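The following paragraphs lead the reader through a sheet and then through a pair of helices. Please keep the sequence and the structure in view while reading.

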Amino acid sequence: MGTKEHNAAALAALIEHLSVSFGPRQVLKDLDLTLEKGRLYVLIGRSGAGKTTFLRCFNRLNECFPGCHTQGSLRLNLGNQWVDIYRNDLPVTELRRRVGMVFQTPNTLPASVEKNITLPLKLVLGLGKKEIPEKVEWALRQTHLWEEVRDRLHLPAGILSGGQQQRLCLARVLALDPTLLLLDEPTASLDFRSSQKIEELLLNLKERYTILAVSHSLSQARRLGDKVLVFNEGRRVGTFERSELQQGERFQGLLEEIF
Amino acid sequence: MDEMHRFLDHGFIWFSWLAALLTLGALGLFLGFLGVNGLAALNLGLFFGEASPWQVIMGGQPAGEGIWPACVGTVYLVVLSSLLALPLGIGSGVYLAQYASPAPKRLFGFAVDLLAGIPSILMGLFGFALILFLRKTLFPQANTCLLLSAVCLALLVLPYLILTTQSSLEGLPAPIKVAGLSLGFTPWQNLVHILLPAASRGILSGIILAVGRAAEDTAVILLTGVVANAGTPQSLTDKYAALPFHIFYLAAEHRTTGELAQAYGAALILLLLTGTLYAIAYWLHATLVNKWEQKNIMLRR
């Protein structure tokens, strides 16, 4: 880790020369980045800029799509150890448990509300019947969903509203004790009120987790981000600190300069 | 131009209605025809001839002219060929949808299409030639039998299972496909706990097509071991009777109107039998889905 050794404990991830291509198309180009712990990073950029691909680097989900080739190194701080995830320091299933992801459209399983959380707990954490109910309630409380669904746990998740489903997906991820959260435009498919709830949640959660969120809206980036990373054509072309974000005109100006 | 569009719009709606009604009408006509001709023949004698039902069922007496052995033969055929074809078909479908890389996938896909296009009489000939080959080489005693028919039928229905499994897995929305993986499921857990249950409706329709086909096919069994009046088969290597062949035989060779009526009766029974098999498939599916969705009340305190 070289010069960064002294503050390594405060870091969440170190990325060096990260490139991703799908077949002949290079989507991410030679990316270097350092992420600090307990911060909320918002990624913005035009569609096709490589934001989603960048998120999927962290849980190696790109590999589930055909023709993917990843180069470079991505090291994660998992509390008691640093792992280089592309050197197979960690089984991919364990990596994906530690790096939770919430998608653009809520991808609840076509099963009961409860089973959406219990199934991963059983299969991934290997929890038994005793520990599961407690964990389910905890996770649902974290996403302020418990009061809304406590009487409907056995009903299909599909009957919940879009916002509730998205919070269920978040609860499902939190139940697995992640260290890093990846959110791929989590409010893109939601109405104003539901988006607001999710944003409030994220602001609470960022104290305990490092969060990387792709956003489609500049104002959301400004509301949420400790840092905003701007992507264009597979490269990071700009980084804004929180203080810079609040000076609306300057942020706007910089963005216009970049695009 | 607007008039033209409106005319086409209305015209097509009418045509769709008409097409649906014609289909229903044809089905109704068919069922009515079968009912009128077959219901009269439905009695214990149709199944057991002159013999006592209990004696026939327990294997003590031959059923004479009764169709009981043919019913048993058809059920055996369907169950056996399903046991052979289901694991192979669903397994191949999963391979094509999940694991095959592009080149083998194209080749395998072409092979499946080819298999789907083979007329059943050719499948029968294949079975017959296989027995001739076995007799000349490894097993001089080999003969056409229940097992051979089941193998050939399994081969015949395999493409339905492969194609429906493949297409229903591939048709799942991308977010569902990666949901489990993103949570840390192994590919196997993802397949068993998420993908297959989510695709089960489509797979079920493949199973129903396959069962129906195995129950009704006459050409394959004609050359591979079915015999009129064979009695209830006692082992896999026995000759056997089967309903579709029995119907064909009676319809072609009946000497009295009574025998023709028996053919109608047998046709009605075949229809009921496949209907029952479908019902069982639906019930199994519903039970599995229910179990998967697990409507338990673990958390209700």
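**A sheet and a helix pair**

In chain A, Ile15(A) stands opposite Leu33(A), a residue of β2(A). This is a predicted model, in which local features need pLDDT of at least 70 and side-chain atom pairs count only at pLDDT 80 or more, while totals for chains, interfaces and linings use all residues. Residues are numbered from 1 along each chain as its sequence is written, and chains are lettered from A and ligands numbered from 1 in the order in which they are written.

Strand β1 of chain A, residues 11-22, pairs with β2(A) in the antiparallel sense over eight bridges. Strands (E, at least two residues) and helices (H or I, at least four) are DSSP runs, numbered from the N terminus; two strands pair if DSSP finds at least two bridges between them. Four strands of chain A form an open sheet in the order β2-β1-β4-β5, with antiparallel pairing. Its edge strands, β2 (25-36) and β5 (82-84) of chain A, each pair on one side only.

The axes of α8 (residues 174-182) and α9 (residues 187-198) of chain B come within 9 Å and cross at roughly 155 degrees; axes are lines fitted to C-alpha atoms, for helices over the stretch in contact, and angles run from 0 to 180 degrees between N-to-C directions. The two helices, α8(B) and α9(B), are therefore roughly antiparallel, a term for angles over 145 degrees.

How values were computed
Parallel < 35°, antiparallel > 145°, perpendicular 65-115°, else oblique.
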